[in-house]
Each structure stands twice: as structure tokens, then as C-alpha cells.
Amino acid sequence: MLHDFSYVAPTAVDELFTFLATHGTKTAVFSGGTDLFVNIRGGLSAPDYVVNLKSVPGLSDLSFDPKAGLSIGACVPVTRVLNDPTVNKKYGVIAKAAGELATHQLRNRATVVGNIVTASPCGDMSSPLLCYDAQVEIASAGGSRIVALKEFITGVKRTVLQPEEIVTRIIVPTTYAGTKGNYLKLKRIKGHDLGVVAVAMIATSKVIRVAISSAAPTPVLLPDFPASASAETIKESARKAISPIDDVRCTKEYRAFMVEEFIDRLHAEVKA
Ligand SMILES: Cc1cc2nc3c(=O)[nH]c(=O)nc-3n(C[C@H](O)[C@H](O)[C@H](O)COP(=O)(O)OP(=O)(O)OC[C@H]3O[C@@H](n4cnc5c(N)ncnc54)[C@H](O)[C@@H]3O)c2cc1C
């Protein structure tokens with residue numbers, strides 16, 4: 001049974017931020033709602049106000065600029081990212097992870113931004129975005145600020161967002177655009193499932209970048225490795241950086257084992 005809340009659907013940016021400046025502490029904003037409404041129904045979240053962002057102008061843009069990079073607006077659903085030719089060409093690992101997130105139906109509603117703000121250790125979008133050095137644009141009535149994704153998520157389901165703020169978009173710079181790489185996700189079943197553990201890797205002629213999900217309270221971005229780094233060097237660094245736990249989906253030993261297995265596979269792939 002859902003608890004009572006008021007539904008608000010602002011149609012202007014000013015209207016949204018004025019509302020959040022007054023009611024932010026009692027409000028949950030949403031776009032896809034695939035996490036929020038599950039949490040409300042499960043009693044994990046009980047906002048007085050639920051604010052739909054989808055009619056706010058400017059939040060549904062997905063665009064690429066050769067200098068500024070890729071911009072993924074707050075209301076862009078995962079399906080749009082998955083099917084976007086530029087994302088596939090220049091940021092292939094983001095597209096790969098988008099295809100791993102839930103089902104067609106979910107992806108048509110769920111957003112990339114919602115996935116990041118949820119800050120689940122097993123969120124599919126964080127590791128690839130960390131590899132590409134994504135930035136998070138945050139705005140409120142007071143203005144806007146940019147935070148590196150690696151600093152945005154601070155713990156399990158915790159971020160630096162303040163109650164009066166929203167994420168307006170994710171910016172992915174061109175630094176690593178067009179590099180090779182891949183995203184490997186371990187699931188309990190062959191179909192759609194939350195990740196038991198996942199690793200993203202990209203490689204340029206100079207550097208290898210690796211991020212790991214579901215193996216620590218937050219997604220982990222390893223320090224950069226030179227292009228010549230061996231899989232063993234990367235695995236050694238991963239071993240120090242992760243702190244996997246036992247849960248209903250997996251033991252910590254299997255998680256640690258699969259992180260290393262995925263690093264081996266991805267390293268062989270980017271070196272091929
Ligand atoms: C059946 C099912 C399967 C799933 N499978 C997967 C899976 O395989 N992989 C995976 O990673 N996830 C999975 N999820 C979780 C979920 O679908 C994703 O995390 C999704 O990307 C969330 O996006 P959303 O737009 O629906 O978020 P919402 O529910 O709209 O929002 C999520 C949270 O972020 C806040 N929020 C949303 N947008 C903003 C914003 N712009 N600014 C500030 N705060 C904001 C909301 O208040 C809420 O707290 C699954 C969920 C379900 C129900």
C-alpha cells in the first residue's frame with residue numbers, strides 16, 4: 001500500500017527550484033520512477049511530495065559536442081542511450097552497460113541519471129561512466145555546480161546531493177571517446193538480473209582505466225594504469241581497492257574471484 005503524498009509536475013525550471021527551496025527536505029524527484037516507486041511501496045522512502053521532472057524544459061536532451069563531449073539529461077531513458085549511434089561509436093562501454101540494465105520495458109522508463117543518483121553498488125551505469133571520467137551537473141535555485149562522478153557517490157545509496165538540488169545532466173568528456181573497452185556483468189541467471197559483480201575497462205594507446213561495481217560500498221575506479229600494464233598488475237590493484245561482502249546473491253570469495261576473472265578477460269580483449 002502506498003502512503004499518501006502530493007504529486008507535483010512543474011513545467012518550468014524556476015517553478016521546480018522554488019518548490020525544492022521550500023519543500024526539498026520532504027520531496028523526492030523522479031523521472032523513470034523505477035527505483036523511487038519500488039522504495040515508496042516497500043516503505044523505504046516516504047516523501048510528502050513526489051515531483052515529476054519530465055515536463056521541466058531542457059532535461060530530456062541527449063547530445064554530443066566535439067569539444068564538450070556527451071551530455072545525458074536527467075530525463076533521458078536508458079533505451080535512448082543504448083540506441084544512440086554516437087554513444088555506440090564513441091562511448092561503446094556506456095552502450096554495452098545500458099544494454100545490461102534490466103529489461104526493454106524497464107529501460108524505456110529508467111534513466112541513466114536515476115541510476116547514478118540511486119547510488120546502488122550494483123548500478124550498471126556507474127562503472128563505465130567512471131572509466132570515461134564523467135561529471136555530474138547539479139543545480140538548485142542558487143545556481144549550478146559540477147562534481148566528478150567519482151566524488152558524487154559517497155556510500156551505499158548516498159551522494160553529495162542536497163535536498164534543494166537535482167542532477168540536471170551527466171557530462172562525459174571526449175578524453176577517452178572512441179577508445180576500446182567492454183563491460184562484463186555477472187548475473188545469477190542468463191536473462192535480466194541485478195549485477196552480482198561487474199567490471200568496466202577502457203584502453204587508449206597510453207592508459208588503461210578500470211572500474212568495478214558490486215564489490216565495495218561504492219563503485220570503485222582504480223588508479224590509471226600505463227597501457228603496458230599486465231593483467232596481474234591490475235588485479236593486484238583491484239584486490240587492494242575492493243571489499244566484497246557475502247549477501248543473498250553471492251559470497252565475497254566468488255565476487256573477488258570473478259573481479260579477477262573479468263579483469264583477465266577484459267585485458268585480453270583490449271590487448272587483442
Ligand atoms: C525489476 C527491476 C529491475 C532492475 N534491474 C536493474 C539492473 O539490471 N541494473 C541496474 O543498474 N538497475 C536496475 N534496476 C534499478 C533501476 O531501474 C535503475 O536504477 C534505474 O536506472 C533508475 O532510474 P529511474 O529514472 O527509474 O530512477 P528514479 O526511480 O526516477 O529515481 C531514483 C532515485 O534518484 C532520485 N532522482 C532521480 N532523478 C533525479 C535527479 N535528476 N536529480 C536528483 N535526484 C534524482 C529519485 O528521487 C530516487 O531517489 C531495476 C529496477 C527494477 C524495478
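In this predicted model, five strands make up an open sheet with antiparallel pairing, and their order across the sheet is β4-β5-β10-β6-β7. Which strands stand at the edges? They are β4 (62-65) and β7 (143-148). Each has a single partner strand, so one side of each is left without a neighbour in the sheet. From one strand to the next, the twist averages 20°.

Further into this sheet, you can follow the pairing of β5 (residues 69-73) with β10 (residues 166-172), which is antiparallel and extends over four bridges. To find one point of that pairing, look for isoleucine 72: its bridge partner in β10 is isoleucine 170.

There is also an open sheet of three strands, ordered β1-β3-β2, and here the pairing is parallel. The edge strands are β1 (6-8) and β2 (27-30), each of which pairs on one side only. In this sheet the twist averages 25° from one strand to the next. Strand β3 (residues 49-52) runs parallel to β1, and three bridges join the two. One place to look is serine 6, whose bridge partner in β3 is tyrosine 49.

| β4-β5-β10-β6-β7 | antiparallel | β4 (62-65), β7 (143-148) | 20° |

Now to a pair of helices. Two packed helices are described by the angle between their axes and the distance between the axes. For helix α10 (residues 231-241) and helix α11 (residues 252-271), the axes come within 10 Å and cross at roughly 150°. Angles over 145 degrees count as roughly antiparallel, and α10 and α11 are therefore roughly antiparallel to each other. The crossing of α10 past α11 is right-handed.

Which residues of α10 and α11 meet? From α10 come Ala231, Ile234, Lys235 and Ala238, and they meet Val259, Glu260, Ile263, Asp264 and His267 of α11. Sorted by class, this contact holds five nonpolar, one polar and three charged residues.

Finally, the chain as a whole. Its domain assignment gives domain 1 (6-52), domain 2 (62-172) and domain 3 (180-271). The centres of domain 2 and domain 3, taken over C-alpha atoms, are separated by 20 Å. Domain 2 gives 21 residues to the contact, and domain 3 gives 21 residues. On the side of domain 2 that touches domain 3, the elements giving two or more residues are α5 (92-100), α8 (126-131) and β8 (153-155). By class, that side of domain 2 has 11 nonpolar, six polar and four charged residues.

Note on methods. Residues are numbered from 1 along each chain as its sequence is written. This is a predicted model: local features need pLDDT of at least 70, side-chain atom pairs count only at pLDDT 80 or more; totals for chains, interfaces and linings use all residues. Two strands pair if DSSP finds at least two bridges between them. Axes are lines fitted to C-alpha atoms, for helices over the stretch in contact, and angles run from 0 to 180 degrees between N-to-C directions. Angles under 35 degrees count as roughly parallel, over 145 as roughly antiparallel, 65 to 115 as roughly perpendicular and the rest as oblique. A crossing is left-handed if the near helix is turned anticlockwise from the far one by less than a right angle, and right-handed if clockwise. Two residues are in contact if their C-beta atoms, placed from the backbone, lie within 7 Å. Ala, Val, Leu, Ile, Met, Phe, Trp, Tyr, Cys and Pro count as nonpolar, Asp, Glu, Lys and Arg as charged, and the others, Gly among them, as polar. Domain bounds come from an automatic or database domain assignment.
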